[in-house]
Amino acid sequence: MAGGKPQAIDITTLGLPQLTQLKQQLDQEIDLFGTSLQQLKIAQTKYQESGECVEKLTPETEGKEMLVPLTTSMYVPGNIVDVNKVIVDIGTGYFVEKDIPSAKDYFKRKINFVTQQMEKIQRLANEKITMRDAVIEIMEGKLQATLAAQQMAAPKS
């Protein structure tokens, strides 16, 4: 069925092995969504912290000492030379010089974008969790039916 809509399958018609496989697939997708949410939360926090740092640049801070991050764990001493411009890491090793209002706007837009992506992923994760719960419920019903059938078929002593 190339190019068409995915075909809906009545999961109540699936056997336990197929239901188990479907549940495992849903579990993997839910885990992936959780990992993605964690990574986006880290990015969101970094953008928020960067925005807060830009907010702290005022004419009074010009000439003050600060620690400049070279890596996530290594800092070197430096001085604030220009409080009207900052260098912004825009990703993949590229940096752009921006004035303060542009930098604030950049971080605000990035925070909004990441937040929207997090909301989309959370909705998808919730749908997958609902689907997994339905699969588990059907699996439990089939297991109970199988046990009841086995008990009925067992010879009585």
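1. Helix H2 (100-153) is part of what covers the buried residues of helix H1. Those buried residues of H1 are Leu19, Leu26, Ile30, Phe33, Leu37, Leu40, Gln44, Tyr47, Gly51 and Val54. Buried here means under 20% relative accessible area, exposed over 50%, and partly exposed in between (1.4 Å probe, protein chains only). Helices (H or I, at least four residues) and strands (E, at least two) are DSSP runs, numbered from the N terminus.

2. A word on the model. This is a predicted model, in which local features need pLDDT of at least 70 and side-chain atom pairs count only at pLDDT 80 or more, while totals for chains, interfaces and linings use all residues. Residues are numbered from 1 along each chain as its sequence is written, and side-chain values use heavy atoms, with hydrogens and water left out.

3. How far apart are the end C-alpha atoms of H1? They are 58 Å apart, which agrees with the 58 Å that the 40 residues of H1 (residues 16-55) should span at 1.5 Å a residue. The expected span is 1.5 Å times one less than the number of residues.

4. Now to the charges: the whole structure holds seven salt bridges, each a side-chain nitrogen of Lys or Arg within 4 Å of a carboxyl oxygen of Asp or Glu. Asp27 pairs with Lys23 at 2.7 Å, N to O; both lie in H1, four residues apart, about one turn of the helix. Lys23 counts as partly exposed because its relative accessibility is 24%.

5. Asp27 also meets Arg132 in a salt bridge, at 3.1 Å, N to O. This pair links distant parts of the chain, with Arg132 in H2 and Asp27 in H1, 105 residues apart.

6. Glu97 and Lys85 form another salt bridge, at 3.9 Å, N to O. Glu97 is in strand E4 (residues 94-99) and Lys85 in strand E3 (residues 85-91), so the pair ties together parts 12 residues apart in sequence. Glu97 is exposed, with a relative accessible area of 53%, and Lys85 is partly exposed at 44%.

7. Do look at the pockets too. A pocket is an open set of points on a 1 Å grid over the protein atoms alone, where a 1.4 Å probe fits, with protein on both sides within 12 Å along at least five of seven lines; lining residues have an atom within 4 Å of a point. The largest holds about 1400 Å³ of space, and H1 gives the most to its lining, with seven residues.

Conventions:
Contact means heavy atoms within 4.5 Å. Grid points are joined across faces, edges and corners, and a volume is the space filled by probe spheres set on the points.
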